[in-house]
Amino acid sequence: MIAPMDALDLLRRYSLQPSKGLGQNFLVADWVYERILEASGLDREAIVLEIGPGLGTLTRRLAARAGRVVAVELDRRLIPILEEALAGCENVTIIQGDILALDPVALLCERLHIPPDKLAYYVVANLPYYITSHALRHLLSARVRPRQMTLLVQREVAERITAKPGAMSLLAVSVQVFGAPELVCRVPPSAFVPRPKVSSAVLAVPLYPQPLVAEGRLEAFFAVVRAGFGQKRKQLLNSLAVGLGMEKAAVEKALHAAGIDPSRRAQALSIEEWARLTAALERP
Ligand code: SAM
């Protein structure tokens, strides 16, 4: 276990200051690593993509539990530290790069010599908070989606993602159409060095074998959902008419056909209702 002082010592030894801009809050609480690993669903065969290995503390634990770990770190300064920390871990590959600019499937298939149709992988990360939404979008639109994502994220974001109808958001719908997110535990700022200003949470998102909306209809589904949330406080009838550039009468007809009261608001709808509405809007 890396103690808080060890993390700081390590950084000092390499004359490094943690970069705020890269969201470098290093995890130093043992119990949080345990909760992440327990929730991760990994077995000895599992292939793991880790985003932002930092000082390699989570990476080492993942390597002990999984078959292969591919860890992508943006900060070049951390690569020598990672190479030193993970020297004994033969099942770990460290890649310097920006996860948002890389195709995770191509990356894993190339490194592990696996064809995409045979690839099954897990994502585990203490995410830099500033890329959370972008990283989720990136991973959920990958050619092969992960089996599960287990992520340390800002607590408020974990709560938004796990929201129920009544408090839904575009982010919640975007995740819940692919899997069943669960807030595993809350994590206080004291679990990190340096301490972040906000609380965090471990979020587990096991993905469904197939999304709740058929692959070929996801684009239309998201166009409707985005339009619905475009003017959040407005009633669906208005936000959809504006967002989709449709006549109110046509939107109203589709809402009725889908069994949805036109005066409801976007945050009230379930995934099933959005799917029904998409189908109704597609019908002439
Ligand atoms: N995994 C370590 C831990 O738990 O202590 C570090 C987590 S720290 C919150 C986030 C890490 O992600 C940092 O090491 C940072 O340099 C790296 N990072 C930031 N943006 C990144 C990106 N776009 N792609 C890959 N890594 C990134």
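The protein chain is divided into domain 1 (4–206) and domain 2 (215–282), with bounds that come from an automatic or database domain assignment. The model is predicted, and local features need pLDDT of at least 70, side-chain atom pairs count only at pLDDT 80 or more, while totals for chains, interfaces and linings use all residues. Residues are numbered from 1 along each chain as its sequence is written, and side-chain values use heavy atoms, with hydrogens and water left out.

The centres of domain 1 and domain 2, taken over C-alpha atoms, are 34 Å apart. In the contact between them, 12 residues come from domain 1 and 13 residues from domain 2; contact means heavy atoms within 4.5 Å.

The two domains bury about 990 Å² between them, and carbon and sulfur atoms give 76% of this area. Buried area is the accessible area (1.4 Å probe) that two parts lose on being put together, summed over both. On the side of domain 1, Met-168, Leu-170 and Val-173 supply 46% of the area buried against domain 2, more than any other three residues.

One salt bridge is found across the interface of domain 1 and domain 2, where the term stands for a side-chain nitrogen of Lys or Arg within 4 Å of a carboxyl oxygen of Asp or Glu. Glu-215 and Arg-145 form a salt bridge, with their closest N and O atoms 2.9 Å apart.

Now the ligand. Around it are 23 residues, of which Leu-27, Gly-52, Glu-73, Asp-98 and Asn-126 come nearest; a residue counts as near if one of its heavy atoms lies within 4 Å.

| Residue | Residue atom | Ligand atom | Distance |
|---|---|---|---|
| Leu-74 | polar backbone atom | nitrogen | 3.3 Å |
| Asp-98 | side-chain N or O atom | nitrogen | 2.8 Å |
| Asn-126 | polar side-chain atom | oxygen | 2.8 Å |

On its own the ligand has 600 Å² of accessible area, and the protein covers 99% of it. Accessible areas come from the Shrake-Rupley method with a 1.4 Å probe.

How values were computed:
A polar contact is a pair of N or O atoms within 3.5 Å; within protein, one must be able to donate a hydrogen and the other to accept it, and residues adjacent in sequence count only if both atoms are side-chain atoms.
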